[in-house]
Amino acid sequence: MIIKDWFTAIVTNIADPLQAGRVQIRCYEYHEVGTASELKDADLPWAFPVMPLTSSNNGGNGQSATGLLVGSWVFGFFRDADKQDPLILGTILGAL
């Protein structure tokens, strides 16, 4: 698999209704405000953070994926051609 749909995004929501550790993100160049591709916050995709091997993420074992905050900058890629299934690989340092 060749990864070609990389993104930089900002976390807009951390209250995952499924409580699965996902966060909602606005990806630059894909969902930018003021463009034809702008999405309402409620319609933005939910992204799964990729966890380290020390976290089984199964049955409540391992580390928590709750370290991200609204406003955090993240980067990752889309797993699907429709760009609806994002994975977050890490955060980008920033200041308010």
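Strands, as named in this report, are DSSP runs of at least two residues, numbered from the N terminus. The structure described is a predicted model.

**The nonpolar patch**

Ile3, Trp6, Tyr28, Val50, Trp73, Phe75, Leu89 and Ile92 make a nonpolar surface patch of about 680 Å². At least two residues of this patch come from strand E4 (73-78), and at least two from strand E5 (86-92). One of the patch residues, Trp73, belongs to strand E4.

Arg22 is located in the loop between E1 and strand E2 (23-27). Is Arg22 buried or exposed? Its relative accessibility is 13%, so Arg22 counts as buried, the limit for that class being under 20%. When residues up to four places away in sequence are not counted, Arg22 touches Ile14, Asp16, Pro17, Trp46, Ala47, Phe48 and Pro49. With Asp16, the side chain of Arg22 forms a polar contact of 2.7 Å. Phe48 is 26 residues from Arg22 along the chain, yet the C-alpha atoms of the two are separated by 4.7 Å.

**Asp5 and Lys83**

Asp5 lies in the segment that precedes strand E1 (6-13). At 15% relative accessibility, Asp5 is also classed as buried. Which residues does Asp5 contact, leaving aside its neighbours within four places in sequence? They are Tyr30, Gly76, Phe77, Phe78, Asp80 and Lys83. Of these partners, Lys83 is situated in the loop between E4 and E5.

Most residues other than glycine have a negative phi. Glu29 is found in the loop between E2 and strand E3 (46-49). At 70% relative accessibility Glu29 counts as exposed, whereas Lys83, at 24%, counts as partly exposed.

**Summary of accessibility**

The table collects the residues discussed individually above.

| Residue | Relative accessibility | Class |
|---|---|---|
| Asp5 | 15% | buried |
| Arg22 | 13% | buried |
| Glu29 | 70% | exposed |
| Lys83 | 24% | partly exposed |

Definitions and conventions: Residues numbered from 1 in each chain as written. Predicted model: local features only at pLDDT ≥ 70, side-chain atom pairs only at ≥ 80, totals over all residues. Heavy atoms only, no water. Helix = DSSP H or I, 4+ residues; strand = E, 2+ residues; numbered from the N terminus. Buried < 20%, exposed > 50% of the residue type's maximum accessible area, 1.4 Å probe, protein only. Contact = heavy atoms within 4.5 Å. Patch = residues over 30% accessible without salt bridge, like charges linked within 9 Å, V, L, I, M, F, W, Y side chains within 5 Å. Areas by Shrake-Rupley, 256 points an atom, 1.4 Å probe, with all protein chains shown as cover. Salt bridge = Lys/Arg side-chain N within 4 Å of Asp/Glu carboxyl O. Polar contact = N/O pair within 3.5 Å; in protein donor to acceptor, adjacent residues only side chain to side chain.
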